[in-house]
Amino acid sequence: MDTQSYFPVPPGVGMEENFLSLDDILLSHERLPIRTECTFPRLGFLEKSSDTQDIPEGTKMELPLWLTKGLYERKRKVVSVELPKVYREGWRTVFSADPNVVDLHKMGPYYYGLGSQMLHFDSPENPEIAQTLLQTFIARFRRTMDSSQNAYNEDTSALVERLDCLEKALFRSGQSGLNGFQSWEKGQASQLTASSLVLNYRKRKITDVQP
Amino acid sequence: MQFPPRFEKLYRKTKNKNVTCRKTAHNNVHFCDTALPVDDVVGFSLPSLSVYAAFSAGTICSAVPVGRKFLNTHTKKQTDMDPSEVEFLAEKEMVKIIPNFSLDKVFLIGGDLGPFNPGLPIDVPVWLALNLKQRQKCRIIPPEWMDVEKLEEMRDLERKEDMFTPVPSPYYMELTKLLLNHASDNIPKADEIRTLVKDIWDTRIAKLRLSADSFISQQEAYAKLDNLTLMEINTIRAFLLDTLNCMYKLRSNVQ
């Protein structure tokens, strides 16, 4: 059986992030365009364009997601978040027309993840964003399924390069099902091979150690 | 049956919800045809009712209630069976052999295997048949469905129908592979049979993908598929479950 030495924590897909997931940690580094609603005293050094001591109200900056989520509050307006380009009206019509054409890796490798996190920021377009995410996922599912279930023993980089990170994880699980079945059919499943753990630790064989 | 009070409280609080628990039994636990790994401590999430049942069966030793923030991080990773495990289950099927030795009735845990007399056909499980064949102690008779005309009919019927047709045997793929690898001299027209079974398999897998696609694109709540074998389900299980998980979470964003 192909057991791994550890089980990586999967990313949380919805509005909750998984604290221990590496994918979610990388996702939270994505930058969002924001507009400050009050002054940030003595933090002028963060804003490279102007040389003032404080960051005045109404400045447009880019902050990473983790900071924005921490600063955002509904009642006391500290920052207000603008939607990135991909989630605005223009791109939403592109996605509703034909989602298969879009290169989701280029549009930010975490399209679905970032989109779900954007729903925290109470934009008036939230229902449409959520609906677009769902419809895009469903429309692109067919292509992911076909490519993952049929590409055996070939170079899959051309198939995977236009996929978002979430879809890449699905592609991998589809491939693992296919590879498992094919290797069983060829009879490789009953052959004894060295475990991946042993190979990773590169144990020296006794014949190598002894002179 | 007495349960520790902490578990009772957990069960009452989380009825019908998913509960994270740690499996500390040292054997494989089978839940609805999914095998859980033998690792000592593996966190996974199960509906609390089956945790209750597994606890009473003695297969898990502790249920650890984990805080809500971490509940999702301990999801079950190994959600599919190996094809070798499906083949293992397939070896329980009975097949007819003609032994060339004699032996009295054998009393095994799984059942009795009748007295073996040379030249008289007898029903045995596939695992025993293959073992005897490898030691050249028997001759295997192919099952009734492993016949070129019958398989051709089934293949044509499968291609005509939209739904899944009844299978020759719930383990047809595994039995074909096992019997044709070890006993091809006892089975006439082995190559044609292999090709026909492969055709039937390809047709069924294509239908399965089509129905999975329509299931997802129409966002149905459940689908009923008759006459699917375990091997076919196994190849698509991981992918389909992950997709459904993602779709569920994206759908809960909309509300």
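View 1. The model shown in every view is predicted. The span takes its limits from UniProt, where an unreviewed entry carries the annotation "domain: GINS subunit" for residues 93–185 of chain A.

**View 2. Residues 82–141 of chain B hold both helix and strand.** An unreviewed UniProt entry lists residues 82–141 of chain B as "domain: DNA replication complex GINS protein PSF2 N-terminal".

**View 3. Strand 5 of chain B pairs with strand 8 and with strand 9.** Strand 5 covers residues 94–99 of chain B, and strand 8 covers residues 122–125. These two run antiparallel and share four bridges. Within this pairing, Lys96(B) has Asp123(B) as its bridge partner. Strand 9 of chain B spans residues 138–141 and is also antiparallel to strand 5, with four bridges between them. Here Pro99(B) faces Cys138(B) of strand 9. In a regular strand, side chains alternate between the two faces of the sheet.

**View 4. Glu37(A) and Arg35(A) form a salt bridge in chain A.** The N to O distance is 2.8 Å. Glu37(A) is buried, at 18% relative accessible area, because the limit for buried is under 20%. Arg35(A) is partly exposed, at 30% relative accessibility. The structure holds 19 salt bridges over all chains.

**View 5. A salt bridge joins Asp185(B) to Lys133(B).** Their side chains meet at 3.4 Å, N to O. Asp185(B) sits in the loop between helix 7 (172–182) and helix 8 (190–217) of chain B, while Lys133(B) belongs to helix 5 (residues 126–134), so the pair ties together parts that are 52 residues apart in sequence. Asp185(B) is exposed, with 58% relative accessibility. Lys133(B) is buried, with 13%.

**View 6. A network of salt bridges links Arg155(B), Asp156(B), Arg159(B) and Asp199(B).** One salt bridge pairs the side chains of Asp156(B) and Arg155(B), at 3.8 Å from N to O. Asp156(B) is partly exposed, with a relative accessible area of 40%. Arg155(B) is buried, at 17% relative accessibility.

How values were computed: Residues are numbered from 1 along each chain as its sequence is written. Chains are lettered from A and ligands numbered from 1 in the order in which they are written. This is a predicted model: local features need pLDDT of at least 70, side-chain atom pairs count only at pLDDT 80 or more; totals for chains, interfaces and linings use all residues. Side-chain values use heavy atoms; hydrogens and water are left out. UniProt positions are given in the numbering used here, feature names are shortened, and annotations may be inferred rather than shown by experiment. Two strands pair if DSSP finds at least two bridges between them. A salt bridge is a side-chain nitrogen of Lys or Arg within 4 Å of a carboxyl oxygen of Asp or Glu. Buried means under 20% relative accessible area, exposed over 50%, partly exposed in between (1.4 Å probe, protein chains only).
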